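Student: I have a model open and would like to go through it piece by piece. Can you take my questions as they come?

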Amino acid sequence: QVQLVESGGGLVQAGGPLRLSCAGSGRTFRGYAMGWFRQAPGKEREFVGVISWSGGSLDVVDYVRGRFAVSRDNAKSTVYLEMNSLIPVDTAVYYCAADPISIRVARYWGRGTQVAVSS
């Protein structure tokens, strides 16, 4: 059974950092892009960032660029989301995803981890 399990969420004060992890299991993720999405209360899920298998191609959405970074450790089948200078609008459930072709229609999804940023 393929699983993506997020961890590292929690409550943080505005301006603080948080690092999310997502560990994959149940298959090899060789060749898979891995990425992050988030869903705030009352809003649709939105793309945050993605990293290719090699790490040579990565992208984050404009409104987190310069604050968030995506990285991965292929030996651990783990993708990370390093978040800095958090602001209250970053409050959301963060999901990781994996797909061999397009992260925006990802085949595999985690169950999410809650991030709450207090002002």
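This is a predicted model: local features need pLDDT of at least 70, side-chain atom pairs count only at pLDDT 80 or more; totals for chains, interfaces and linings use all residues.

Student: Start with C96. Which strand is it in, and is it buried or exposed?

Tutor: C96 sits in strand β9, which covers residues 92-99. Its relative accessibility is 0%, so C96 counts as buried; the cut-off for that is under 20%.

Student: What does C96 touch, leaving out residues up to four places away in sequence?

Tutor: C96 touches L4, E6, C22, G35, W36, V79, Y108, W109 and G110.

Student: Now the core. How many residues does the largest nonpolar core have?

Tutor: The largest nonpolar core has 35 residues, and W36, L81, M83 and Y94 have the most contacts inside it. At least two residues of this core come from each of β3, β4, β5, β7, β8, β9 and β11. The largest share, 5 residues, is supplied by β9. As background, nonpolar side chains tend to be buried together in soluble globular proteins.

Student: Take M83 then. What is M83 in contact with, neighbours within four places aside?

Tutor: M83 is in contact with G16, P17, L18, L20, R67, F68, Y94 and V115.

Student: Over to β5. How many of its residues are buried?

Tutor: In β5, 5 of the 6 residues are buried, which leaves the strand mostly covered.

Student: How do β4 and β5 pair?

Tutor: β4 and β5 pair in the antiparallel sense over 5 bridges. W36 has G49 in β5 as its bridge partner. The hairpin of β4 and β5 has 6 residues between the strands, and G42 in this hairpin takes a positive phi near 75°.

Student: What about β5 and β6, which way do they pair?

Tutor: β5 and β6 (residues 58-60) also pair in the antiparallel sense, over 3 bridges. The bridge partner of V50 in β6 is D59. In the hairpin of β5 and β6 there are 6 residues between the strands, and G55 takes a positive phi near 85°.

Student: Different topic. What is the strand order in the open sheet of 4 strands?

Tutor: The order is β1-β3-β8-β7, with antiparallel pairing. β1 (3-7) and β7 are at the edges with a single partner strand each, so one side of each has no neighbour in the sheet. From one strand to the next, the twist averages 15°.

Student: How many bridges join β7 to β8?

Tutor: β7 and β8 run antiparallel and are joined by 6 bridges. In β8, V79 is the bridge partner of R72.

Student: Where is T28?

Tutor: T28 is in the loop between β3 and β4. With a relative accessible area of 48%, T28 is partly exposed. A polar atom of the T28 side chain lies 3.1 Å from the backbone nitrogen of R30. T28 and N74 are 46 residues apart along the chain, and their C-alpha atoms are separated by 9.5 Å.

Student: Last topic, charges. How many salt bridges does the structure hold?

Tutor: The structure holds 6 salt bridges. In one of them the side chains of R38 and E46 meet at 2.7 Å, N to O. R38 counts as buried at 5% relative accessibility, whereas E46 is partly exposed at 29%.

Student: And D59, which residue forms a salt bridge with it?

Tutor: R65 does, with the closest N and O atoms 3.1 Å apart. R65 is partly exposed, at 45% relative accessible area, and D59 is partly exposed at 34%.

Student: What about D90 and R67, how do their side chains meet?

Tutor: The side chains of D90 and R67 meet in a salt bridge of 2.7 Å, N to O. D90 is in the loop between β8 and β9 and R67 is in the loop between β6 and β7, so this pair ties together parts that are 23 residues apart in sequence. D90 and R67 are both buried.

How values were computed
Residues are numbered from 1 along each chain as its sequence is written. Side-chain values use heavy atoms; hydrogens and water are left out. Buried means under 20% relative accessible area, exposed over 50%, partly exposed in between (1.4 Å probe, protein chains only). Contact means heavy atoms within 4.5 Å. A nonpolar core is a set of buried Ala, Val, Leu, Ile, Met, Phe, Trp, Tyr and Cys residues joined through side-chain atoms within 4.5 Å. Two strands pair if DSSP finds at least two bridges between them. Axes are lines fitted to C-alpha atoms, for helices over the stretch in contact, and angles run from 0 to 180 degrees between N-to-C directions. A polar contact is a pair of N or O atoms within 3.5 Å; within protein, one must be able to donate a hydrogen and the other to accept it, and residues adjacent in sequence count only if both atoms are side-chain atoms. A salt bridge is a side-chain nitrogen of Lys or Arg within 4 Å of a carboxyl oxygen of Asp or Glu.
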